[in-house]
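Biologist: I'd like to learn how to read a helix and its surroundings in a model. Could you take me through an example?

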Amino acid sequence: MGKNRDWYNKNLEYNGQAHADAFVLNCTNFKTNGYFLELGSRHPKQNNNSYILEKSFDWKGVMVERESSYEQEYKTERPNSSAIMKDATEIDYKKVFEENNFPSDLDFFQLDLEVRDNTPLKTLLKINDELLDCYRFATITMEHDIYIAHLGEAGLENAIETRIKSREILKERGYYLVFSDILDPPHVCVNSPYEDWWVHPELVDMNYVKELQENNKHEYTKVGDVSCFKSYNIKY
């Protein structure tokens with residue numbers, strides 16, 4: 001008997017902090033030999049969204065992380081992918097994609113960077129200029145950290161602008177917002193909506209995506225004036 005969606009969702013140990021890896025795999029129908037770009041990958045295994053993609057489904061890609069202490073662990077844990085230990089705003093992405101012979105349609109793009117220094121928006125604008133005319137991604141997770149507005153922390157203006165501008169850019173590029181203002185599981189972090197999950201309608205099964213939205217339309221809660229999606233309750 002072949003493995004299907006139900007089997008994978010019951011038996012896979014998803015690794016991502018908010019299980020974005022489950023979202024990616026379900027939306028790409030558990031594709032093998034996929035490609036990804038992961039900005040802000042942090043530890044190569046722990047709470048890492050691309051770890052299971054590489055280890056269990058033979059995906060490969062590029063991870064960007066400015067914390068150089070992880071470099072040796074990337075070599076050990078993630079031998080099929082490349083790690084760039086550098087500030088995400090300083091990379092020539094077109095050159096990186098050409099050197100890695102990436103196809104024009106990739107499967108996952110994560111942008112998970114520090115909003116307080118405005119790195120996510122700066123990087124997205126760079127990606128938009130350098131890549132998005134020639135490359136598309138089936139799934140995207142885009143951090144904006146709008147929870148900063150709820151907490152009244154430093155970086156409020158950056159979070160608001162990142163959320164607005166990222167949605168404008170991705171919608172203009174043809175992407176579809178599936179779940180907005182994602183929440184982590186309560187044992188990780190409480191009441192801190194921080195990112196959006198997107199798909200490209202030409203690269204995924206939109207019938208499945210619309211069904212996914214319908215089945216989870218009640219998994220929203222209010223944090224301040226933000227309607228947040230409880231990713232930890234998602235039903236695939």
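Modeller: Happy to, and bear in mind that this model is predicted. Let's start with helix α8, which spans residues 156-172. Its 17 residues reach 25 Å from the first C-alpha to the last, close to the 24 Å expected at 1.5 Å a residue.

Biologist: Which residues of α8 are buried?

Modeller: Here is the general idea. An α-helix has 3.6 residues a turn, so residues three or four places apart point the same way. In this case, the buried residues of α8 are Asn 158, Ala 159, Thr 162, Arg 163, Ser 166, Arg 167, Ile 169 and Leu 170. Looking down the axis of α8, you find them within an arc of 165 degrees, so the buried residues line one face of the helix.

Biologist: And which residues are exposed on the other side of α8?

Modeller: Those are Glu 157, Lys 171 and Glu 172. After α8 comes Gly 174, with a positive phi near 95 degrees.

Biologist: Now the cores. Which residues have the most contacts inside the largest nonpolar core?

Modeller: That core has 37 residues, and the ones with the most contacts inside it are Leu 12, Phe 23, Leu 25, Trp 59, Phe 179 and Val 199. Two or more residues each come from α2, α3, α7, β6, β8 and α9, with α2 giving the largest share, six residues.

Biologist: What is Leu 12 in contact with, leaving aside its neighbours within four places in sequence?

Modeller: Leu 12 is in contact with Leu 25, Phe 30, Ile 52 and Phe 57. A second, separate core of 27 residues includes Leu 39, Phe 109, Ile 127 and Ile 169.

Key: Residues are numbered from 1 along each chain as its sequence is written. This is a predicted model: local features need pLDDT of at least 70, side-chain atom pairs count only at pLDDT 80 or more; totals for chains, interfaces and linings use all residues. Side-chain values use heavy atoms; hydrogens and water are left out. Helices (H or I, at least four residues) and strands (E, at least two) are DSSP runs, numbered from the N terminus. The expected span of a helix is 1.5 Å times one less than its number of residues. Buried means under 20% relative accessible area, exposed over 50%, partly exposed in between (1.4 Å probe, protein chains only). The arc is that of the directions from the helix axis to the C-beta atoms. A nonpolar core is a set of buried Ala, Val, Leu, Ile, Met, Phe, Trp, Tyr and Cys residues joined through side-chain atoms within 4.5 Å. Contact means heavy atoms within 4.5 Å.
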